[in-house]
Amino acid sequence: SSAYAFYKVLTTHCHALKLGTLADVYTANKILNAYTRCKELHIARKLFDEIPHRDTVSWNTMIAGFVNCGNLETACKILKNMRRCDFDFDGYSFGSLLKGVASAYRLEVGQQLHSMVIKMGYEENVYAGSALLDMYAKCEKVEDAYTVFEYLPEPNSVSWNALVAGFSKVGDRSTAFWLLHCMEKEGVRAEDGTFAPLLTLLDDIEFYKLTIQIHGKIVKHGLAFDNTVCNAMITAYSECGSIRDARKVFDGAVGMRDLVTWNSMLAAYLVHEEEELGFQLFLDMQRLGFEPDIYTYTSILSACFEKAHKSHGQSLHAVVIKRGLEYLVPISNALIAMYLKSNNTSMGEALKLFESMELKDRVSWNSILTGFSQIGLNEDALKLFGQMRSLMVEIDHYAFSAVLRSCADLATLQLGQQVHVLAIKSGFETNDFVASALIFLYSKCGIIEDARKSFEETPNDSSIAWNSLIFGYAQNGQGNIALDLFFLMRDRKVRLDHITFVAVLTACSHIGLVEEGLNFLKSMESDYGIPPRMEHYACAVDLLGRARRLGEARTLIESMPFKPDAMVWKTLLGACRVCGDIELATQVASHLLELEPEEHCTYVLLSHLYGHLRRWDEKANLTRLMRERGVKKVPGWSWIEIKNQVHAFNAEDQSHPLCKEIYQMLGELMEEITWLDTDTGLDALISDFDEPCESCDAKLLSAGNF
C-alpha cells in the first residue's frame with residue numbers, strides 16, 4: 001500500500017509538472033505533504049527547494065514530515081531557517097515540533113520552545129498549548145503540564161486526555177481520577193485516550209471494584225469494542241486478579257482483535273500461571289492468521305521456564321530459527337533466560353546462545369551473570385563481571401545485585417566491600433535490589449550491623465529490603481528482632497508478599513517458636529490475602545522437624561492443598577536424619593527417588609543415616625543403586641579469602657599451588673588433635689591451662705598466611 005501511495009504521488013507530481021501548476025503554492029503543498037506522508041523526505045526536500053513562492057504551510061509541512069520520521073534535529077534547523085526567511089511561526093509550527101520533542105523526551109528543547117510560544121503570544125492557542133501540555137506530560141513534568149492547561153481558554157478533549165495520561169504515567173492515581181471527574185462535570189466527552197491510561201493504574205486486587213465501574217463507563221460511552229480500550233481492560237482485569245473477566249473482554253472482542261489484543265490475553269494467562277491455556281492461545285492466534293511479533297515470542301518463551309515445559313521451549317527455539325528471528329536481541333535474551341531457568345544443566349545452551357549473539361545488550365550480559373550466580377558458579381560470575389567492566393558494558397542494579405550475591409555465597413567480604421564502593425560511585429546503593437544484595441552479603445558474613453546500615457539507606461517503602469533484613473536477623477540467630485521487624489513492616493503498611501512470610505517462618509524455625517510459626521502459616525490467607533505456597537509449607541515442615549515433631553510434619557504434608565515437591569520431602573528427610581527416624585526416612589526417600597532419581601542429595605542423606613545407625617547392608621545397597629543409576633556425589637567446596645584473594649578447596653583437592661604446605665599443616669594439626677584426645681594429652685593441657693600454647697598459635701597464624 002505504501003508503494004502504491006508513492007506511485008500515486010509521483011503520478012500527480014508528473015501531471016503538475018506537465019501542466020505547469022506547481023507554481024500554485026496550494027498544489028505544491030499538497031504534493032509536498034503527500035511525499036512526507038510516504039516518508040520520501042529527500043524528494044520532499046528537493047521539491048520544497050524548488051517551490052518559488054513558499055508559505056507558512058510549506059514550512060510546517062516539512063517540519064511535520066521530519067518530526068514524524070523521528071528526525072528532530074533537522075526539524076529544528078528548518079524552524080530556524082523559517083525565521084531567517086522572515087516567515088512567522090504559527091500554532092501548527094510549534095505543535096509539530098513539540099510533538100517531536102515529546103517523542104524524544106528532550107525537555108530542555110521543549111522549555112526553549114515554550115519561551116518562544118509565550119514571546120510570540122501563542123500560549124492560549126489550543127493547538128500549540130495542547131502540544132506543550134503533552135510534551136510536559138510525556139517528560140513527566142506533570143505540574144508544568146497542569147500550569148499550561150490552566151492557561152488554555154477552552155481546553156478540548158485532546159488537552160484533557162494528555163493531562164490524564166501524564167498523571168497516569170507518573171502513577172498519581174488520585175489526581176488522574178479527579179481529572180476524569182472534572183471532565184465529566186465540564187461536559188467533555190471521555191474517549192479511548194482517556195480510559196486507556198486510567199486502566200493502567202488499576203494494577204492490584206484492591207482496585208477490582210473500581211475496574212468494574214470504569215468498565216461500566218466504557219460501555220456507556222460506546223467504547224467497549226475500541227481496540228485500545230479493550231486491550232487495556234484485559235490487562236487491568238488480569239492485574240486485579242480476575243482472569244475470568246479478562247477472558248470475557250477478550251471473547252467479546254471477536255472481529256475487532258488486533259495483535260495487541262492477543263498479546264494482552266497471552267500475558268494475562270502467563271501472569272496467572274495458566275501456561276497450557278497460553279500455549280493454546282499462541283496456536284489459535286496463528287491459526288486465525290495473526291503472525292506473532294517479538295512481544296509474543298518473548299512472552300511465550302517465559303512460559304517455558306518450568307521443567308515440565310522444557311520441550312515446548314526447545315520447539316519454540318526451533319520455530320524462532322526457522323522464521324529467522326534468532327538474531328533479534330530481545331528474542332535471544334528470552335531464549336537465554338528460558339534455558340537458565342528451566343534447569344541448572346542448561347547453562348551450556350544459554351552460554352552457546354550468548355556467545356553466538358553478534359549484538360549483545362545489557363540484558364544479555366545480566367542474564368548470564370545472574371545465571372552464574374543463581375546456579376552457584378560464583379567464580380565465573382565474578383570473572384564475567386570483570387569482563388563487563390573491561391568492555392565498558394553499562395553496569396546497572398541487576399548486575400550489582402547478582403555479583404554481590406556471588407560475593408555473599410563465596411563469603412568474600414573484602415571483594416564485596418569493593419563492589420559496594422563501586423555501587424555507591426554509580427549511585428545504586430539506595431536501589432532496593434542492590435540494598436537487598438548488600439544486606440544478604442553482610443548478613444552472610446556475620447556483620448549484621450552493616451546489613452542494618454544498608455537497609456537504613458533505602459527508602460524503606462518496598463518489601464524487598466525488609467525481607468532481606470528479616471532473613472539476615474533470622475539466619476544470625478536473632479529471630480526475635482526479625483519478628484519485631486515484621487510487625488514494624490506491617491504497622492508502616494509496607495506491602496507484604498510471599499517472601500516476607502518465608503522470612504518470618506524461617507525466623508520462627510531458628511528460635512523454636514513452633515506455635516507462632518504455625519499460626520503465621522494459618523493466617524497468611526485469611527489475614528493478609530496471601531495463599532501459602534510450596535516454600536511456606538517447606539518452612540513449616542522445617543519448623544516442626546527442628547522441634548522433633550515428625551508426626552505433625554508428616555500430617556501437614558498430607559494436608560497440603562497441592563502435591564508436595566522435592567523441596568518439601570527433602571526438608572522432612574533432613575529432619576528424619578536429625579531425629580534418627582529411619583522408617584519415616586525410608587518412606588520419604590522413596591518419594592524423593594521417584595521425583596528426582598538423579599539427585600545425589602537424597603542418596604547421600606539416606607546413606608549417612610544408615611551409616612549413623614550402623615545399618616551397613618542398607619548403606620551398601622544404596623551405594624550400589626547409585627552406581628547402577630550413574631548418580632555421583634557432587635563434591636562440596638569451601639572458600640577462604642586471604643589478602644583479597646579467594647582460595648577454593650574440595651575434598652582431597654590437590655590443585656592448589658601451595659598444596660604440599662597445606663597438607664603438611666593439616667597433618668600437624670591432626671597429630672595435635674589426636675594427642676589432645678588421649679588422657680595424657682588432656683592432663684598436660686589441664687596442667688598448662690594458664691599458659692598460652694605458643695606453638696599452636698604460631699601454626700595457626702602461619703596457616704593463615706600461606
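# Exercises on helix packing

In this structure, helix H16 passes helix H17 in a left-handed crossing. The model is predicted.

**Exercise 1.** Determine how H16 is oriented relative to H17, and which residues form their contact.

*Solution.*
Step 1. Two packed helices are described by the angle between their axes and the distance between those axes.
Step 2. For H16 (residues 259-271) and H17 (residues 275-287), the angle is about 165° and the axes are 8 Å apart. Because angles over 145 degrees count as roughly antiparallel, H16 is roughly antiparallel to H17.
Step 3. On the H16 side, the contact involves Leu259, Trp262, Asn263, Met265, Leu266, Tyr269 and Leu270; these meet Glu275, Leu277, Gly278, Leu281, Asp284 and Met285 of H17.
Step 4. Sorted by class, the residues of this contact are nine nonpolar, two polar and two charged.

**Exercise 2.** Describe the packing of helix H8 with helix H9 by angle, axis distance and handedness.

*Solution.*
Step 1. H8 spans residues 126-138 and H9 spans residues 142-151; they pack at an angle of about 165°, and their axes lie 7 Å apart.
Step 2. The angle therefore makes H8 roughly antiparallel to H9.
Step 3. The crossing of H8 and H9 is left-handed.
Step 4. H8 contributes Gly129, Leu132, Leu133, Tyr136 and Ala137 to the contact, while H9 contributes Val142, Asp144, Ala145, Val148 and Phe149. These residues comprise eight nonpolar, one polar and one charged.

**Exercise 3.** H8 also packs with helix H6. Is H6 roughly parallel or roughly antiparallel to H8?

*Solution.*
Step 1. H6 (residues 91-104) packs with H8 at an angle of about 10°, with the axes 8 Å apart.
Step 2. Because angles under 35 degrees count as roughly parallel, H6 is roughly parallel to H8.
Step 3. Gly91, Tyr92, Phe94, Gly95, Ser96, Leu98, Val101 and Ala102 of H6 meet Tyr127, Ala128, Ala131, Leu132, Asp134, Met135 and Lys138 of H8.
Step 4. The contact of H6 with H8 divides into 10 nonpolar, three polar and two charged residues.

**Exercise 4.** State which residue ranges are annotated as "repeat: PPR", and give the helix content of residues 55-89.

*Solution.*
Step 1. An unreviewed UniProt entry lists residues 55-89, 156-190, 258-292, 361-395 and 462-496 under this name.
Step 2. Residues 55-89 are 74% helix and 0% strand, and their end C-alpha atoms are 11 Å apart.
Step 3. For residues 361-395, the values are 74% helix, 0% strand and 11 Å between the end C-alpha atoms.

Note on methods
Residues numbered from 1 in each chain as written. Predicted model: local features only at pLDDT ≥ 70, side-chain atom pairs only at ≥ 80, totals over all residues. Heavy atoms only, no water. Axes fitted to C-alpha atoms, helices over the stretch in contact; angles between N-to-C directions. Helix = DSSP H or I, 4+ residues; strand = E, 2+ residues; numbered from the N terminus. Parallel < 35°, antiparallel > 145°, perpendicular 65-115°, else oblique. Left-handed = near helix turned anticlockwise from the far one by under 90°. Contact = heavy atoms within 4.5 Å. Nonpolar A, V, L, I, M, F, W, Y, C, P; charged D, E, K, R; others polar. UniProt positions renumbered as here; feature names shortened; annotations may be inferred.
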